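Start with the overall layout, then zoom in on single residues.

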Amino acid sequence: MQVNVTGRHSNLSPEIKNYALGKVEQLVKYYDGITNVEVVIDREHKDDLVEMVAHVGHSAPLVAKHRGEGIMVSMDAAFDKLERQIRK
């Protein structure tokens, strides 16, 4: 599984990138057919937007977004949404 973590309008610290990688790697235990996951972290004013896109085989990609205060909180919420989609 390939993982891309990018920051929009900001530079990401290695701590944030490693946290995102750790979260995404947990998805394999639910479904091993995930080929690529993109994590985009966007800082807008006071809010942080985290978008996770999981590409699964030949079907439509699974997308989860969360906007809130704090990158880690937004990342956890987006991960939970994506995890629920994969379990279905």
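Predicted model: local features only at pLDDT ≥ 70, side-chain atom pairs only at ≥ 80, totals over all residues.

Residues are numbered from 1 along each chain as its sequence is written, and side-chain values use heavy atoms, with hydrogens and water left out.

Begin with the sheet. It is open, has 4 strands in the order E1-E2-E3-E4, and its pairing is mixed. Strands E1 (2-8) and E4 (62-68) are the edges, each pairing on one side only. From one strand to the next, the twist averages 10 degrees. Two terms need their cut-offs. Strands (E, at least two residues) and helices (H or I, at least four) are DSSP runs, numbered from the N terminus. Two strands pair if DSSP finds at least two bridges between them.

Now take E3 (residues 47-56) and E4. They run antiparallel and are joined by 7 bridges. They form a hairpin with 5 residues between them. In its turn, Gly57 has a positive phi of about 55 degrees. Across the pair, Met52 stands opposite Ala64 in E4, and Ala54 stands opposite Leu62 in E4.

Helices pack on the sheet. Helix H1 (residues 14-25) touches E1 and strand E2 (34-44), and its direction makes about 140 degrees with that of E1. Helix H2 (residues 71-87) touches E2, E3 and E4, and its direction makes about 150 degrees with that of E4. Contact means heavy atoms within 4.5 Å. Axes are lines fitted to C-alpha atoms, for helices over the stretch in contact, and angles run from 0 to 180 degrees between N-to-C directions.

Next, Val56. It lies in strand E3. Is Val56 buried or exposed? It counts as buried, because its relative accessibility is 11% (buried is under 20% relative accessible area, exposed over 50%, partly exposed in between, with a 1.4 Å probe and protein chains only). Leaving out residues up to four places away in sequence, Val56 touches Tyr31, Gly33, Ile34 and Leu62. Its C-alpha atom is separated by 33 Å from that of Lys46, 10 residues apart along the chain.

Last, Glu51, also placed in strand E3. Glu51 is buried yet has no salt bridge (a Lys or Arg side-chain nitrogen within 4 Å of an Asp or Glu carboxyl oxygen). Which side chain of opposite charge is nearest to Glu51? That is Lys65, 4.3 Å away. Lys and Arg count as positive, Asp and Glu as negative; His and the chain ends are not counted. Beyond four places in sequence, Glu51 touches Glu38, Val39, Val40, Val63, Ala64 and Lys65.
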